[in-house]
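Reader: I am new to this structure and would like a friendly tour. Could you start with the aromatic rings and then move on to the strands?

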Amino acid sequence: MSTANDGSAVRFGRWWWCWRRRRRSTTTRGPTMPTTMYHPRTIILLSVLALISVLLGHVDAAARTKAEESASSRGSAGRQKEAEPVIEEVTAKQLERLLNEKDFVAVYWYARSCTTCDKVLAELEKIDDDTDHFGVDFVKINDKRLAKQYGIKNFPALTYFREKEPIIYDGDLMDEENVLDFLTSLEAMDLPDRIEEVNAKILSKIVEETDFVAVLFCPNTERCAGIGSNKPDCKKCLKALQELENIDDEADQLGIGFVKIADEELADEYNLGPLPALVYYRHQIPIIYEHELSREEDVLEWLVANKSTGDEEDVIEDVTAKTLNTLIGNIDNLVVLFYDHGDEDSMQVLNELEKIDDDCDKHGIQFVKIDDEKAAEEFGIDDLPAIVYFEKQIPNVYDGDVEDEDEILEWLLSQLEKDEIEDVTDEMLDRLIKDGKTIAVLFYDNNDRKSQKVLNELENIDDECDQLGVTFVKIDNAEEAKEYGIQKVPTMLYFEKGIPMVYEGNLEDEEKVLKWLEQQQKADQIEDVTDEMLDMVIDKMPHVAVLFYDKDQKKSQKVLNELENIDDDCDQHNIAFVKIGDLDEAKEYGIDTLPTLVLFERKIPHIYDGDLMNEDQILGWLLHQKKHSEIPEVTDEMVEKLVETSPYIAVLFYDKDDKQDMRILNELENIDDELEKEGIVIVRIDNDAEAKEYGIDHLPTLVYFEDKIPAIYEGDLLNEDEVLEWLIEQKNSATIEEVTDEILTDLIEDHEYVVVYFSGSCDEGEKCDNILEDLENIDDELDETGIIFVTTEDITLAKKYGIKHFPTLAFFRNKDPLIYNGDLDDEDEVLSWITDEDTLEIPGKIEEVNARMLENILDENDYVVVFFYKEGDKKSQKILLELENIDDECEEKEIDFVKISDEGIEKEYDLPGLPALAFYRHKFRQIYSGDMMHEEEILEWVLELRTTTPDVIESVDRKTLQVLINDVEHLAVFFYDDKCETCADILEELETIDDDTDKHGIQFVKSNDAKLAAEIGVFSFPALVYYETGVPIMYDGNLKNEDRVLEWLIEQKSKEISRMMIIITGVLFFVTLISVVTIPPGYEYNTRAVLITPITLPPPRLL
């Protein structure tokens, strides 16, 4: 309708709406506000004016419509003569020619049978002229066969070819504006490892729409074609382009677009001078790069530096994990703040650090921040905020006050100047090794004099190592040292492409150390490793070739000489090559004859069975194994090792001489890739005797192991899709594994707690099958408690234990069976029975628990004795025999006695070593320091701790303290250091107020965990911290004045109570206010207004 566009009508309409709104607002303000009465004549007058305005609008609109129609009729003939924009039709050959000749081609695919194609085409033809304007050729084609070659299955479709590289548009084809944006966007032109060429029009659009764009200006294409390519500027441009394409992906990750343009006229407009030239558009403002374009690392660093200084606000730039990795790899001096946007401390630190961002820029230090907890964990950072300085990719963690920006700046500037070996965390070291850096690592102890002496000497050669291309770092971490088989410190390891070498010489002679490092750099031989190093290399590197050999055997030496000819080739293909002359390690992998070559692909071994004297054949085999996915053949020892170390593994027991078995193997190799994506390892073994050990009577058979628990596949092995579905279901769902008698015997032998559902012969749909289905509902709960749950149809073992009726549920505790006599249909009752303390208790035995079970026991029981030990340790086994003599006495006094040998338990519970005995009272721990072979003394110690109330501030380990901080509302922690001279005296004074703090509901503990103290900013000892619902408050008074300390602690708690009372009073007042106020007619009650903004309320009428 024409009136819809009438200006006067619209203007009047708006005036009328505003007037009515004002009128409404004045009439609803209630009795306390004055109101204005309008005369009836005024209303009549306004109505007349409104009517006249509308009529005038109609007349005006009608006149304009008539004029438009007249103009339309005059110009129609001329427009008919103009050719409407039409997308040109092409054939397959024409399209091929077009793609060869043009850089940017958009292809619209359609089909005669397509009902919507014409409608979509009509929309796209509206932008045909625009695409021409941007230098994009737009064509259409009806060719289903060719469409299929380009991955087009449905019509209509749009493909954009950029230098022959296709990308399919997946947006709405009816939205022609979005299509145009796509065809002219930088993202659509992005090609991996290539800098895209654009024309002047597209460049103008990209610069306008993109914050950061680097543009390489080159001579005109025509001038550099053919013979012209030898011209100096053309050759120079080609060389610069080749170098810069090495950093194209890195620039993309940093949010910097990179394009090239061959347009000398545009270059002249910018007065760029000789080409090639690089121009960086930052928020559309051009900056010219004035240095050598062939040094791509310098160019990237320049782009990044200018990106941050170009920000309108003076803020530290936020980056993603991917961008951070790029920056670390390309920026020599980089500072990273790891923070949490939702954490007040992090934001406070960030505000302080933004004050020194410009100072860092002036000194060539790039400053970024990242809010990514996972990225922080990869660098070994557990607590945020944290600051890490990277110098040439080597990290150095700042351990000072993160809120003192001046101190941080001073520290950063000192890092630029001082010459010392950087300290790294274990995660940082793993990262450097994984990246294939050439590094020398000093494993040392900061409290060891010899370590300090060696460190002082080695810091004299740090610069020389840099010149050699060897990065020198140090690490004070006993656990990490043990992983590499290092028994004593200081020890130095040299890593090249992830492979370690031990320095055997005198570490105090820095010149000899430097000479040895030089020799390692020049040496071209397969590195010798220890068994611990081999395990580490296999664990950390995706492809490792290992020659197991005998140093004294002539054949081994000949083979070794041949294989050293392909060492460099393996390096080029990222295959680490090592040798090991350890016969025991070879036997662990089931290798009986030496020499033998094994390729470990993501920890999975492939044994080479060809000629070891033919190095070319071996190289071909290694590259083939790396490129192609095949199910590897393994030995029985390798199977045992894989089951032990891999959480999900499928093993095919087969006979390689059986045609049917080989056919099944070929089928299963079709699902190898899918299983790898699911994290399931699959291997094969041709060993009849090993199969029989698992109760497998016929081959082939597939067995799936999850956390060492086996399950046998009962379906059709020729149906690989069904096998894949079953394996994924086993991994992702709670299922009770079915086992044979042989497997069950091993499980009972190896594990403390095993629940077995003896179903007997059981078909689908029978009662026994329905019970099993219901019991699977409690499988996850039992997994969490560390109890194994399996089922079997075999009855031989059941009969051995006197089980005659089926189905029956038996619980084996330390090989001793207990039969369930309750209702098997009630799975909740079954779960309660299994997890009941009386059921779990093994008479005369100390129960073995896992980490999850131990946490539950410490949560639920007041008094617990825990024996921490290493499985297989002879000394621990002797101690256990003694301790089991006092288990019953402890039970009589309601003291739980358990043992645990989980991997990593020493570190998790912050123990001084293994074996260790600890008594827990309400989670507070005391470690036994006497002789663990004297059970009578231990019993006396335990009973004394059980019956006496401690009149001391109890010591807590790291794990317990972290639990207390999270769980206890009012907690006081005294941090001390064993080296602190005044700590003992102050502690003695503070113990006089321990009972008083208890009376006031404040729990008082002590900790000598310097690392945990440092995480909350405590760097000097002693120190007192009060935690209020997990939030730390530092005491800054005199710790020797215990009365003042007590007064301060009570004040902190009182403040919290006062704050809570204010909140409660406010809420009660608000609720009372609502209950006593009557809302008069015409009023509107707004909860948000009352809560958020002060408002004027009429005088309340009390009910």
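Reader: How many aromatic pairs does the structure hold?

Author: Rings of Phe, Tyr and Trp (its six-membered ring) pair if their centres lie within 6.5 Å; planes under 30 degrees apart count as stacked, over 60 as edge-to-face and the rest as tilted. Counted this way, the aromatic pairs in the structure number 35.

Reader: Which kind of pair do Tyr713 and Trp726 form?

Author: Their ring centres are 5.0 Å apart, with 55° between the planes, so this pair is tilted.

Reader: Before we go on, what kind of model is this?

Author: Residues are numbered from 1 along each chain as its sequence is written, and side-chain values use heavy atoms, with hydrogens and water left out. Local features need pLDDT of at least 70 and side-chain atom pairs count only at pLDDT 80 or more, while totals for chains, interfaces and linings use all residues, as this is a predicted model.

Reader: Where does Trp726 lie, and how many residues separate Tyr713 from it?

Author: Helices (H or I, at least four residues) and strands (E, at least two) are DSSP runs, numbered from the N terminus. Tyr713 is in the loop between strand S29 (709–712) and helix H34 (720–732). Trp726 is in helix H34, and the two are apart by 13 residues.

Reader: Is Trp726 buried or exposed?

Author: Buried means under 20% relative accessible area, exposed over 50%, partly exposed in between (1.4 Å probe, protein chains only). Tyr713 has 8%, so Tyr713 is buried. Trp726 has 16%, so Trp726 is also buried.

Reader: What is the angle between the planes of Phe868 and Tyr909?

Author: Phe868 is in strand S36 (residues 863–868), and Tyr909, 41 residues away, is in the loop between helix H44 (905–908) and strand S38 (916–921). Phe868 is buried at 0% relative accessibility, and Tyr909 is buried at 2%. Their tilted pair is 5.5 Å centre to centre, with a plane angle of 45°.

Reader: Which residue lies over the face of Tyr589?

Author: A charge sits over a ring if NZ of Lys or CZ of Arg is within 6 Å of the ring centre and within 35 degrees of the ring normal. At 4.7 Å from the ring centre of Tyr589, the residue over its face is Lys641.

Reader: Which residue of S9 is the bridge partner of Phe212?

Author: Two strands pair if DSSP finds at least two bridges between them. S7 (residues 212–218) has seven of its seven residues buried, and pairs with S9 (residues 277–282) in the antiparallel sense over six bridges. In S9, Phe212 is partnered by Arg282.
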